[in-house]
Amino acid sequence: MLSAFRNRNKACDTGNLKIRDDDHTPGHESLGRDEEDDYIDDSEIDELFQHQIPMVGEGDHRIFIVHPDVKWGSRKQYLTTANLMMAEAVGLVNTLHNWSVIDKIILSTKTPEKKMIFGKGNFQTLTERIRRTPGVTAVFVNVERLSPKEFEEAWGVKVFDRYSVVLHIFRCNARTKEAKLQVSLAEIPLLRSRLRNEVANLDQQGGGSRYIMGSGETLMEVQQRVLQERELKICSALQHLRRKRHLLRSQRKNRDFPIISVMGYTNCGKTTLIKALTGDAALQPRDQLFATLDVTVHAGTLPSHMTVLYVDTIGFLSQLPHRLIDSFSATLDDVTHSDLIVHVRDISHPETVNQKENVLNVLRNLQIPDRLLSSIVEVHNKIDLVDSYEPSEPNSLPISALRGQGLEELKIVVEEAIMRSTGKQALTLPVDLSSSQLSWLYKEATVQEVDVNPDEGSAVVKVIISAAAYGRYRKMFLGS
Ligand SMILES: Nc1nc2c(ncn2[C@@H]2O[C@H](COP(=O)(O)OP(=O)(O)OP(=O)(O)O)[C@@H](O)[C@H]2O)c(=O)[nH]1
Ligand SMILES: [Mg+2]
């Protein structure tokens with residue numbers, strides 16, 4: 001996802017949160033049993049997840065999309081064109097079940113920060129056009145956030161901004177505990193502004209600021225407190241799940257499997273590629289934006305039989321609302337700890353060049369180490385959709401993840417890159433079973449396969465081993 005990404009999560013700063021800390025005992029690694037999950041159970045998460053006021057409403061929507069194109073001034077978008085932004089907005093709407101685009105318009109504005117976004121004349125023209133379009137049930141104004149009240153009054157239908165549409169997609173796609181909690185957290189600011197509006201309305205009727213039931217709190221204060229408690233609860237549950245992931249990550253590291261993060265713009269084919277590389281049937285690529293909301297890890301093998309772990313990540317999107325980024329930022333922690341980044345591009349997309357810029361910008365902002373940034377493997381996916389594809393950039397690998405083209409070449413390149421970045425090598429070693437060679441290898445390297453020859457008391461062992469460890473092995477057992 002994520003434009004203008006910062007590695008931060010203000011909403012979930014743990015400063016004054018109380019978080020159970022009992023899984024930090026040294027040596028605590030028994031994560032197989034789901035004891036941490038008892039901390040917050042499914043029904044509690046479902047309650048947090050369902051308890052929200054429905055933001056965009058259930059059911060069908062026929063959407064009129066308005067994209068305000070900023071013509072000049074500091075707010076002009078340099079990286080994307082208005083057409084890309086509009087195409088993306090259409091893609092977002094089409095991603096949602098039962099939503100369709102009924103009409104769309106790109107309209108210039110010099111004052112996108114003003115409440116009504118457009119000048120008087122443009123706004124009036126727009127209002128007439130929307131009101132003349134039969135069947136419209138909602139308008140999607142493609143800006144990060146807006147306060148919909150005046151628009152809804154003028155147009156007589158529901159009005160959504162990018163935050164509420166993307167959040168609704170996330171909500172529809174959230175499957176795991178962490179994704180559900182992140183969505184619930186991202187909804188809090190919307191609930192806050194809704195609360196402010198409701199209380200303002202009540203105040204107009206003379207009720208909102210009154211103290212209730214002698215409690216010393218106004219209605220506004222009570223509801224704010226409830227929201228804050230809810231936010232703290234979500235944050236602490238999220239922290240808990242993240243610590244669990246952190247432990248899982250260190251376990252993976254201990255077992256020495258190189259980690260490859262597969263990243264790229266949403267819908268570029270990340271999940272399809274990982275599925276093709278690992279044969280993991282559980283992976284479900286879909287022609288949808290944000291089909292993948294969780295970071296998941298899948299094991300695959302490289303040509304030398306080295307086992308690697310591919311991390312499937314949430315996709316990028318230009319101009320993703322900041323608050324949403326905050327809620328989801330920690331899901332990308334894994335990337336900073338990986339050994340290699342594979343950047344997948346949908347080379348058939350008309351805006352593939354802008355998409356690449358966008359992804360690279362976000363990666364630069366992610367505070368990932370330079371060694372990862374300088375070793376990115378760039379993959380040009382969906383070449384089957386491009387007539388007579390000619391590689392446009394050196395050092396990129398043409399593939400079709402869907403058709404399985406170019407995957408063997410990709411694996412070779414990935415393996416070379418992994419060897420470089422980890423300083424490891426995959427070796428096949430003959431081992432004398434009467435010596436301590438095998439147990440030494442188990443301790444100092446990653447043993448991948450042991451092919452025992454009982455008659456000879458020997459074995460052929462495939463290992464992944466660092467240069468330093470192999471040097472010691474040779475000294476100890478081969479005398480060199
Ligand atoms: N023609 C063609 N389609 C592809 C290829 N790779 C992926 N697709 C299609 O592109 C769509 C998106 O694929 P995914 O693998 O879900 O993409 P993703 O990058 O994981 O998307 P998000 O998780 O939503 O960010 C699916 O309909 C895939 O079948 C390819 O090489 N060729
Ligand atoms: Mg995916």
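**Entry 1: T292**

I started at T292, which is buried, with 24 other C-beta atoms within 10 Å. I count a residue as buried if 20 or more other C-beta atoms lie within 10 Å of its own, exposed if 12 or fewer, and partly exposed in between, with C-beta atoms placed from the backbone. This is a predicted model, where local features need pLDDT of at least 70 and side-chain atom pairs count only at pLDDT 80 or more, while totals for chains, interfaces and linings use all residues. Residues are numbered from 1 along each chain as its sequence is written, and chains are lettered from A and ligands numbered from 1 in the order in which they are written.

T292 sits in the loop between helix 8 and strand 6 (296-301). Helices (H or I, at least four residues) and strands (E, at least two) are DSSP runs, numbered from the N terminus. I then listed the contacts of T292, leaving aside neighbours within four places in sequence: K270, T271, D312, I314 and G315. Contact means that two C-beta atoms, placed from the backbone, lie within 7 Å.

**Entry 2: T271 and the annotation**

T271 lies in helix 8 (residues 270-278). T271 also counts as buried, because it has 24 C-beta neighbours inside 10 Å. Beyond four places in sequence, T271 touches L283, P285, A291, T292 and D312.

I checked the record next. An unreviewed UniProt entry annotates T271 and T292 as "binding site". They span 22 residues in sequence, yet no two of their C-alpha atoms are more than 7.7 Å apart, so they gather at one spot. UniProt positions are in the numbering used here, feature names are shortened, and annotations may be inferred rather than shown by experiment.

**Entry 3: ligand 1**

Which residues are closest to ligand 1? I found G269, P285, D287, T292 and G315, out of 24 surrounding residues. A residue counts as near if its C-beta atom, placed from the backbone, lies within 6 Å of the molecule. Helix 8 gives the largest share of this shell, three residues. By class, the shell has eight nonpolar, eleven polar and five charged residues. Here Ala, Val, Leu, Ile, Met, Phe, Trp, Tyr, Cys and Pro are nonpolar, Asp, Glu, Lys and Arg are charged, and the others, Gly among them, are polar.

**Entry 4: helix 13**

I moved on to helix 13 (residues 407-422). At 1.5 Å a residue, its 16 residues should span 22 Å, and its end C-alpha atoms are 22 Å apart, which agrees. The expected span is 1.5 Å times one less than the number of residues.

Its buried residues are L410, V414 and I418. Seen down the axis of helix 13, they fall within an arc of 70°, so they line one face. That arc is of the directions from the helix axis to the C-beta atoms. The buried residues pack against strand 5 (259-264), strand 7 (307-312), strand 8 (340-346), strand 9 (377-381) and strand 10 (396-398). The face turned away from the buried side carries the exposed E408 and E409. After helix 13 comes G423, with a positive phi near 65°.

**Entry 5: helix 11**

In helix 11 (residues 352-365), I noted Q355, K356, N358, V359, V362 and L363 as buried. They fall within an arc of 165° seen down the axis, so they line one face of helix 11. Their cover includes strand 5, strand 8 and helix 12 (370-373).

**Entry 6: the whole chain**

Last, I looked at totals. The chain has 15 helices and 13 strands. Of its 480 residues, 33% count as buried.
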